[in-house]
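Open the model in a viewer and keep the selection panel to hand. The stops below each say what to select and what is there.

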Amino acid sequence: MKIAVAGIGYVGLSLAVLLAQHNEVIAVDVVKEKVDKLNNKISPIQDEFIEKYLKEEKLNLTATVDAVSAYEKSDIIIIAAPTNYDPNLNYFDTSIIEKLLDLISSVNQYALVVIKSTVPVGYTEEMSKKHPNMDIVFSPEFLRESKALYDNLYPSRIIVGTTKTELSHLEKVKQFATLLSEAAIKENIPTIFMNSTEAEAVKLFANTYLALRVAYFNELDTYAELKGLDTKSIIEGVSLDPRIGDFYNNPSFGYGGYCLPKDTKQLKANYKSVPENLISAIIESNDTRKKFIAEQLISRLENKENKIIGIYRLTMKMNSDSFRQSAILDIIDILKNGGVKIVIFEPLFNDDYYLNCKIIKSFEEFINMSEIIVANRYDENLDRVKNKIYTRDLYKRD
């Protein structure tokens, strides 16, 4: 089977590696640096499983910037392009997907086109009407940024949504689901076929629930911190209820990353004509949490003029190279507006400044000049300066 994947981000790359075990896969991206790295078996993103598979597994995988040559010969074309949330339109920016669909329509109307990018509810049906001669489906992904290939190898479920009922089309849809299942290590994966609009709703509701869970335990932590209570004891007592579970309950400075902030906002936008309270509250809770963290830090600097707050890492979670929509970025803005002097230690940066804050390259210099060291996620490098650390990371995970 010949498969093209549009986009070498964590979704597209993990799918390309997964499917290249048993199929001929060509990954497409406009960034030549990513393409060159992949052709040299170097992962453009930080993911230990992807790096291992690129080095050790025999994959039929190449990369190119030539989209036309990749798409015109493919049986399946997977779209994993970014869809950033536009706050002015209250909608995902799907322009890249539309350009890709127009291009694919001009060179190959026989391939099954699988949208993996997160889109508004009803989007796939709209695109299917616009391109009636194309087989377009939506298949939501449920991947963590630093463990995307692992989550494809051990998926919680496979979902494919379509609007068409023709037998030939449904055979293609089932074939795609089978390819994902056969490439995984996990067996007996729950597989669901549904309407594409329902599949789009699954994606947004799943991520909004995860955001809800983050917000809930963060509000629990806020209460405990202000009341002088042991957050860990409360979380343990709550989480031992099997209906709640002892997972995804580690406090943080707020949810962030590529998916949760934009997906919650998109779902709220989809509720435009539907009564709701909870979806809006999740978004508001996350904003409140970031303001609270900033206020806690400012209060610790009282009567300490010219003292510096050091930000240890901008990444949202451990083992990640991404700081997109990381909660610490908003906290930095709040602190700066409060007149606080900030320095940042972030090994991923070569620049001297970020957000008008000085990047300190030396860890020793960073810890010596910082009155308080702020860490959304703690690691062992900070053990010797525990007395300076402000973190809400209780479990050293998530």
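Select Leu61 and Ile78, which touch the most other members of the largest nonpolar core, a set of 44 residues. A nonpolar core here is a set of buried Ala, Val, Leu, Ile, Met, Phe, Trp, Tyr and Cys residues joined through side-chain atoms within 4.5 Å. Buried means under 20% relative accessible area, exposed over 50%, and partly exposed in between, with a 1.4 Å probe and protein chains only. Helix H1 (residues 10-19) gives the most to this core, namely eight residues. Helices (H or I, at least four residues) and strands (E, at least two) are DSSP runs, numbered from the N terminus.

The model is predicted: local features need pLDDT of at least 70, side-chain atom pairs count only at pLDDT 80 or more, and totals for chains, interfaces and linings use all residues. Residues are numbered from 1 along each chain as its sequence is written, and side-chain values use heavy atoms, with hydrogens and water left out.

Stay on Ile78 and show its surroundings. Leaving aside neighbours within four places in sequence, Ile78 is in contact (heavy atoms within 4.5 Å) with Ile3, Ala4, Val5, Ala6, Leu15, Leu19, Val114, Lys116 and Phe176.

Next, select H1 together with helix H8 (residues 167-183). Their axes are 9 Å apart and the packing angle is about 80 degrees. That makes H1 roughly perpendicular to H8. Axes are lines fitted to C-alpha atoms, for helices over the stretch in contact, and angles run from 0 to 180 degrees between N-to-C directions. Angles under 35 degrees count as roughly parallel, over 145 as roughly antiparallel, 65 to 115 as roughly perpendicular and the rest as oblique. H1 contributes Leu15, Leu18 and Leu19 to the contact, and H8 contributes Leu179, Leu180 and Ala183.

Move to strand E7 (residues 112-115). Leu112 and Val114 point one way, Val113 and Ile115 point the other way, and all are buried. In a regular strand the side chains alternate between the two faces of the sheet. Ile76 stands opposite Leu112 in E7.

From E8, follow the chain to Phe142, in the loop between E8 and helix H7 (148-153). Phe142 and Lys203 are 61 residues apart in sequence, with 7.7 Å from C-alpha to C-alpha. Not counting residues up to four places away in sequence, Phe142 touches Asp151, Arg157, Ile159, Val202, Lys203 and Ala206.

Select helix H11 (residues 260-270). Its buried residues are Leu260, Pro261, Lys262, Asp263, Thr264, Gln266 and Leu267. They are covered by elements including strand E5 (85-86), strand E6 (91-92), helix H9 (196-227) and helix H12 (278-299). Is Lys262 buried or exposed? Lys262 counts as buried because its relative accessibility is 6%. Beyond residues up to four places away in sequence, Lys262 touches Thr83, Asn84, Tyr85, Phe92 and Thr118.

Now display the open sheet of six strands, in the order E13-E14-E12-E11-E15-E16, with mixed pairing. E13 and strand E16 (389-390) stand at the edges with a single partner strand each, so one side of each has no neighbour in the sheet.

Within this sheet, select strand E11 (residues 308-312). Ile308, Gly310 and Tyr312 on one side and Ile309 and Ile311 on the other are all buried. E11 and strand E12 (341-345) run parallel, joined by five bridges, and Ile309 has Ile342 as its bridge partner in E12. E11 also pairs with strand E15 (residues 372-374) in the parallel sense, over three bridges. In E15, Ile309 is partnered by Ile372 and Ile311 by Val374. Helix H13 (residues 327-337) lies across E11, E12, E13, E14 and E15, at about 155 degrees to E12.

Finish at the loop between strand E13 (353-354) and strand E14 (357-359), where Leu355 lies. Leu355 is not a glycine, yet its phi is positive, at about 55 degrees. Leu355 counts as partly exposed because its relative accessibility is 29%. Asn356 is found in the loop between E13 and E14 too, and its phi is also positive, near 65 degrees. With 71% relative accessibility, Asn356 counts as exposed.

Conventions:
Two strands pair if DSSP finds at least two bridges between them.
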